Amino acid sequence: MSTTRGLEGIVATTSSVSSIIDGVLTYQGYNIDDLADNASFEEVIFLLWNGRLPKQDELSQLTQELANNSQIPQAIIDQMKQYPIDKVHPMAALRSAVSSLALFDEEADVMDEEANRRKAIRLQAQIPTIVTAFSRIREGKEPVSPRSDLSFAANFLYMLNGEVPDQIAVDAIDKALVLHADHELNASTFTARVCVATLSDVYSGITAAIGALKGPLHGGANEAVMKMLTEIGEVENVEGYIRNALDNKVKIMGFGHRVYKDGDPRAKHLREMSKRLTTITGEPKWYEMSVKIDDMVTGEKGLLPNVDFYSASVYHSLGIKHDLFTPIFAVSRTSGWLAHILEQYSDNRLIRPRAEYVGPDKQVYIPMEQR
Ligand code: ACO
């Protein structure tokens, strides 16, 4: 048996949800650049789940279903109030709350396709409610109920801040959600598929995926990028900080990618957004620092920024708390996870690879008194 560390280059399934071919990312065959410029997040959800763009009535129906299902049980809010809120990371809170959500869904273990699609709607609708409710609870504020007349992106900001957001912020969040929605067989999506391939339920798959996304080598990198930018503080400190990190072989968060070697196609959109938003907020230094880091890391290591690098300064400019960056990623990626989960159920086979054994051989049991 030969092994491939980290399953690099291994094709583990077929999928029609999204593809990365020659560095080009598509959702159901639509180039991400096209979708980022033109589609709303609700359209992308429909696309990922149905394999085609929605007609107007289909989009209206999905939007209405998401709005109608966005309330979370009071018990989940009460439970979140019991979390040790000053110590808990919002990704850990989200992971626990989504797991608990299953306990209040009578269809949680009903496995037919229609029931799984209904659960997909509920999860997609309720995950933003959980993220925003937890954020408010830990600030000593009451959660804000979602509004059925707002778009998905607008509702997210409304539930977070308790006021209807301006269009610039809505458009930025909407585009960020589109850009993060799916990404072929990334670590969290693979986790979700492995989980549900045992014929476990949708909630288990999403809970497992949230756990995988939380790690700093995956979705957790966007928060780590902002930590780095905050530590650097000013543009003139970039050179010394990055030089020191490179000399000491410290990983620069937000750079590198397992699949893209010529650049992540999502990064340019976020870079543009970062430039625009930091100008509007009057804090261009976050963008300027990012560009300087980008130039150094790209120039010296040949490593290019991934989706997480410029998204950090984008979310910061929208006034979002830094530890909510990864939960926002989860809000978006839930759409992709659900598409993959539905696809996995539709043609399921248990995912069970092998391990090459490298431990000791021919051991003989030694009785306790002789050890
Ligand atoms: N900074 C400095 N060096 C790096 C970086 C980085 N960000 N990324 C990779 N390298 C170096 C490694 O140290 C390694 O060098 P070596 O061969 O001298 O040991 C080489 O490049 C290969 O790196 P690996 O970690 O083996 O690459 P892998 O494909 O396993 O990992 C990953 C990809 C996890 C994204 C990696 O580039 C990384 O850790 N980046 C920083 C974290 C990050 O931004 N994650 C978000 C990824 S996008 C997403 O998940 C949404």
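**Entry 1: the domains.** I noted at the outset that this is a predicted model. I then checked how the protein chain is divided. The assignment gives domain 1 as 15–215 + 324–346 and domain 2 as 221–317. I looked up the separation too, and the C-alpha centres of the two domains lie 26 Å apart. Their contact takes 22 residues from domain 1 and 22 residues from domain 2.

**Entry 2: the core.** Next I asked myself which residues have the most contacts inside the largest nonpolar core. I found Met80, Ile206, Ile242, Ile293 and Ile320, in a core of 112 residues. Domain 1 and domain 2 both give residues to this core, so it lies between them. I kept a general reminder here: in soluble globular proteins, nonpolar side chains tend to be buried together.

Leaving out residues up to four places away in sequence, Ile293 touches Met228, Leu229, Ile232, Val238, Ile242, Ile252, Phe255 and Phe309.

**Entry 3: Asp294.** I moved on to Asp294, which sits in helix H14, residues 285–301. Is Asp294 buried or exposed? Its relative accessible area is 7%, and because buried means under 20%, Asp294 counts as buried. I also listed what Asp294 contacts beyond its neighbours within four places in sequence: Phe255, Arg271, Gly299, Pro305, Phe309 and Tyr310. Phe255 and Phe309 were already in my notes as residues that Ile293 touches.

**Entry 4: helix H7.** Helix H7 covers residues 152–161, and I wanted to know how many of its residues are buried. The buried ones are Phe152, Ala153, Ala154, Asn155, Phe156, Leu157, Tyr158, Met159 and Leu160. They pack against helix H2 (41–50), helix H3 (56–68), helix H6 (113–138), H8 and H16. After H7 comes Gly162, with a positive phi near 80°.

**Entry 5: Gln167.** I followed the chain to Gln167, found in helix H8, residues 167–180. Gln167 is exposed, at a relative accessible area of 52%.

**Entry 6: H9 against H16.** I then turned to helix H9 (residues 187–196) and helix H16 (residues 325–346), whose axes come within 9 Å and cross at roughly 35°. The crossing is right-handed. From H9, the residues that take part are Ser188, Thr189, Ala192, Arg193 and Val196. They meet Arg333, Trp337, His340, Ile341, Glu343, Gln344 and Tyr345 in H16. I sorted this contact by class and got 5 nonpolar, 4 polar and 3 charged residues.

Entry 7: Leu7 has phi near 55°, a positive value in a residue other than glycine. Leu7 lies in the segment before strand S1 (18–21) and is partly exposed, with a relative accessible area of 42%. Leu199 has a positive phi near 70°. I found Leu199 in the loop between H9 and helix H10 (202–213), where Leu199 is exposed at 53% relative accessible area.

How values were computed. Residues are numbered from 1 along each chain as its sequence is written. Side-chain values use heavy atoms; hydrogens and water are left out. Axes are lines fitted to C-alpha atoms, for helices over the stretch in contact, and angles run from 0 to 180 degrees between N-to-C directions. Helices (H or I, at least four residues) and strands (E, at least two) are DSSP runs, numbered from the N terminus. A crossing is left-handed if the near helix is turned anticlockwise from the far one by less than a right angle, and right-handed if clockwise. Contact means heavy atoms within 4.5 Å. Ala, Val, Leu, Ile, Met, Phe, Trp, Tyr, Cys and Pro count as nonpolar, Asp, Glu, Lys and Arg as charged, and the others, Gly among them, as polar. A nonpolar core is a set of buried Ala, Val, Leu, Ile, Met, Phe, Trp, Tyr and Cys residues joined through side-chain atoms within 4.5 Å. Buried means under 20% relative accessible area, exposed over 50%, partly exposed in between (1.4 Å probe, protein chains only). Domain bounds come from an automatic or database domain assignment.
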